[in-house]
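Thank you all for coming.

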Amino acid sequence: MKVVSSPSVSGSSRQFVTEFSDNGDERYSLAFSDDIYPEHFFYDAWVYLTSSSNQIGNLEFDINQTMPDGKTVMIGVQCDGFSKHWAYTVNTGSDSNPKPKWFSKSGAYCNPRDWSQYKWHHVQAYVTHDDSGYITYHSVWLDGTEFKMDETVFGKFDLGWGPRINTQFQVDGVGSGHATAYVANLNISRW
């Protein structure tokens, strides 16, 4: 991973080169705040894929936040190339005995192998959560096309983290190989 001047939307971008085998993946993470109070989040980023995009199974976009009770709400959306839909993460267990799973949103088509290569793509998501750890995935957008999610699910985990908000970008591979992706102008608004 490194900052590069090209390709860019406004002067620079972050390059992610992921090598994998057996459908492996790589998660990149950055903590950017210790604010425990916001319950509304708007994710906004630009993603650029090369010809190696035919090796990408999923592209995942996450926001994790420690809440006032010390538990962490884990918000995740992904363009799932295996189900070919936008998917969202759910804790099907309890906060003390978590069982994270991905659920695909029927009718919300997405497959990163179908994204145009050597072009910037605009990815956005609007999510909220309550103080009990229930997440509402409202909508995701790809290049201005909105996919309504309107799903409310449990998403609280007892991880023992200190106060923080972090974001994660994950590239999942298909088979064995490598994929190169770029992210620019990542902005997460919260209130």
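What we have here is a predicted model, in which local features need pLDDT of at least 70 and side-chain atom pairs count only at pLDDT 80 or more, while totals for chains, interfaces and linings use all residues. Residues are numbered from 1 along each chain as its sequence is written, and side-chain values use heavy atoms, with hydrogens and water left out.

I start with Gln170, which is found in strand S13, residues 165-173. Buried here means under 20% relative accessible area, exposed means over 50%, and partly exposed is in between, with a 1.4 Å probe and protein chains only. Gln170 has 4% relative accessibility, and therefore counts as buried. Its side chain is joined to that of Arg27 by a polar contact of 2.8 Å, a polar contact being a pair of N or O atoms within 3.5 Å, where within protein one must be able to donate a hydrogen and the other to accept it, and residues adjacent in sequence count only if both atoms are side-chain atoms. If we take contact to mean heavy atoms within 4.5 Å and leave aside neighbours within four places in sequence, Gln170 is in contact with Asp25, Glu26, Arg27, Asn58, Leu59 and Glu60.

That list leads us to Leu59, in strand S5, which is buried with a relative accessible area of 0%. Not counting residues up to four places away in sequence, Leu59 touches, among others, Val47, Leu49, Trp115, Phe169 and Gln170.

Which residues touch the most other members of the largest nonpolar core? By nonpolar core I mean a set of buried Ala, Val, Leu, Ile, Met, Phe, Trp, Tyr and Cys residues joined through side-chain atoms within 4.5 Å. Of its 40 residues, the answer is Leu59, Phe61, Trp86, Trp115, Tyr137 and Phe169. Strand S4, residues 40-49, supplies the largest share of this core, with 5 residues. There is also a second, separate core of 5 residues, including Val4, Trp120, Tyr182 and Ala184.

Turning to the rings, a search of the whole structure finds 12 aromatic pairs, where rings of Phe, Tyr and Trp (its six-membered ring) pair if their centres lie within 6.5 Å, and planes under 30 degrees apart count as stacked, over 60 as edge-to-face and the rest as tilted. Tyr126 and Trp191 form a stacked pair, at 6.0 Å centre to centre and with 10 degrees between the planes. Tyr126 lies in strand S9 (residues 120-129) and Trp191 in the segment after strand S14 (177-190), so this pair ties together parts that are 65 residues apart in sequence. Elsewhere, ring pairs link Phe16, Tyr28, Tyr43, Phe61 and Phe169 into a cluster.

Two arginines also lie over ring faces: Arg113 over Phe82, at 5.9 Å from the ring centre, and Arg164 over Trp161, at 5.0 Å. The criterion is that NZ of Lys or CZ of Arg is within 6 Å of the ring centre and within 35 degrees of the ring normal.

I finish with Asp69, in the loop between strand S5 (56-66) and strand S6 (72-80). A polar atom of the Asp69 side chain lies 2.9 Å from the backbone nitrogen of Lys71.

Key: Helix = DSSP H or I, 4+ residues; strand = E, 2+ residues; numbered from the N terminus.
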